[in-house]
Amino acid sequence: MQPIISRPVISRIVLAGGAFLAASFVPLAAQAGLAISANDGKQLQQGETTQRTPDSVSVIDLGHYPPRVIGSVEVPAAMIGPPDAVAVGAGEKFAIVTASQKFDPADPLHPAADDKVSVIDLADPAHPRLLQTVSSGAGASGVSINPAGTLVLVAAKGEDAVIVFRLAGKRLFPAGRVDLGKGAAPTDVIFAPDGRKAYAVAWGITKIMELAVEGNKVTRTGNDVATGRSPYGAVITPDGAWLINTNVGGALEGGDRTGSVTMVNLKTHRLALSLAAGRITEHVAL
């Protein structure tokens, strides 16, 4: 498979009835395509009379106008967290979805932290099937699949860690964790194009943290770069030379809290550029 970008593009939109959606767009052919969406039905607001709906994953046909839902399955999902809460595997035959929150019946207006990661079979897009749901780390947020399709990383914001899974036969197998240090609170993690490095977006300590990948072993390299306040999402250029990320809280210095976009030189591990980019800069894509 030759992906359009280094990994699927994900965006969030608000649906009627208090449900939220994170859609991952994947190519099928030049004239057709799908959107894989993770739908959060538990974000209730004070005074709402609408009953909450189950979380789910939907398959949307973008080759039809207007786009239409062609399949759906109940799967744990969450709106809270970075847009990269859905990753699509090679050949668009399966998707992996994280859920950073779950419904709390004792406090319906405030969902509790969750750690779920699910695998959905897309072999028949009109009939998606839940294959597996496993626990990872609290606040499971951004998820990435390596280029070889053998390893999955999940950013566990609530545990200051990146959780490692081995991927085989559309199933996840625990393979360890990388502790990033107290307060790191990673929101996202992405693989470099060659799969030999990965980068955790550490919201809590304003850094992009480099990880070395050797087989199933993932470790910190110590080559961390401070980019801006509350970094949130990131993407790497196809040549692996640059990492571009967003910072919800703005630049490192000064009093301006306008969100920023920064570029990191991955060869020198230095911040190369910082630009104001508007408020609540959640994600960037190539």
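Two strands are taken to pair if DSSP finds at least two bridges between them, and in this predicted model strand 14 and strand 15, the latter spanning residues 197–202, meet that condition with five bridges in the antiparallel sense. Within this pairing, D188 has V201 of strand 15 as its bridge partner. The two strands belong to an open sheet of four strands, arranged in the order 14-15-16-17 with antiparallel pairing. Strand 14 (186–191) and strand 17 (217–226) each have a single partner strand and stand at the edges, so one side of each is left without a neighbour in the sheet. From one strand to the next, the twist in this sheet averages 25 degrees.

Strand 18 is joined to strand 19 (residues 242–250) by five bridges, the two running antiparallel, and I236 stands opposite L243 of strand 19. The hairpin of these two strands has five residues between them, and in that hairpin G240 takes a positive phi near 75 degrees.

Backbone geometry was examined next. Most residues other than glycine have a negative phi, and most peptide bonds are trans. Against that background, S230, which is placed in strand 18 (residues 229–236), has a phi near 55 degrees, a positive value in a residue other than glycine. I280 likewise is not a glycine and has a positive phi of about 55 degrees; I280 is found in the segment after strand 21 (270–276). Because the cut-off for an exposed residue is a relative accessible area over 50%, I280 counts as exposed at 59% relative accessibility. A cis peptide bond leads from Y65 to P66, with omega near -5 degrees, and P66 itself has its place in the loop between strand 4 and strand 5 (68–74).

Another proline, P54, lies in the loop between strand 3 (32–40) and strand 4 (56–61). With a relative accessible area of 46%, P54 is partly exposed, since that class covers values between the limits of 20% and 50%. P54 and N39 are 15 residues apart along the chain, and their C-alpha atoms are separated by 8.4 Å. In contrast to the accessibility of P54, S118 has 0% relative accessibility and counts as buried. S118 is found in strand 8 (residues 112–121), and its side chain makes a polar contact of 2.8 Å with the side chain of T133.

Empty space within and around the chain was then considered. Rolling a probe the size of a water molecule over the atoms shows where empty space is left. A search of the whole structure finds one cavity of 30 Å³ or more, and the volume of the largest cavity is about 30 Å³. The lining of this cavity consists of A78, M79, I80, G81, P82, A85, T98, S100, A140 and S141. Strand 7 (94–102) and strand 10 (140–145) each contribute at least two residues to the lining. By class, six of the lining residues are nonpolar and four are polar, with no charged residues.

The second largest pocket has a volume of about 180 Å³. Residues A192, P193, D194, R196, K197, Y199, E210, P238, D239, G240 and L266 line this pocket, and by class they comprise five nonpolar, one polar and five charged residues. Among these lining residues is G240, the glycine with a positive phi in the hairpin of strand 18 and strand 19. The lining also includes K197 and Y199, and strand 15 covers residues 197–202.

Notes:
Residues numbered from 1 in each chain as written. Predicted model: local features only at pLDDT ≥ 70, side-chain atom pairs only at ≥ 80, totals over all residues. Heavy atoms only, no water. 1 Å grid on protein atoms, 1.4 Å probe; cavity = no way out; pocket = protein on both sides within 12 Å on 5 of 7 lines; lining within 4 Å. Points joined across faces, edges and corners; volume = space filled by probe spheres on them. Nonpolar A, V, L, I, M, F, W, Y, C, P; charged D, E, K, R; others polar. Axes fitted to C-alpha atoms, helices over the stretch in contact; angles between N-to-C directions. Buried < 20%, exposed > 50% of the residue type's maximum accessible area, 1.4 Å probe, protein only. Polar contact = N/O pair within 3.5 Å; in protein donor to acceptor, adjacent residues only side chain to side chain.
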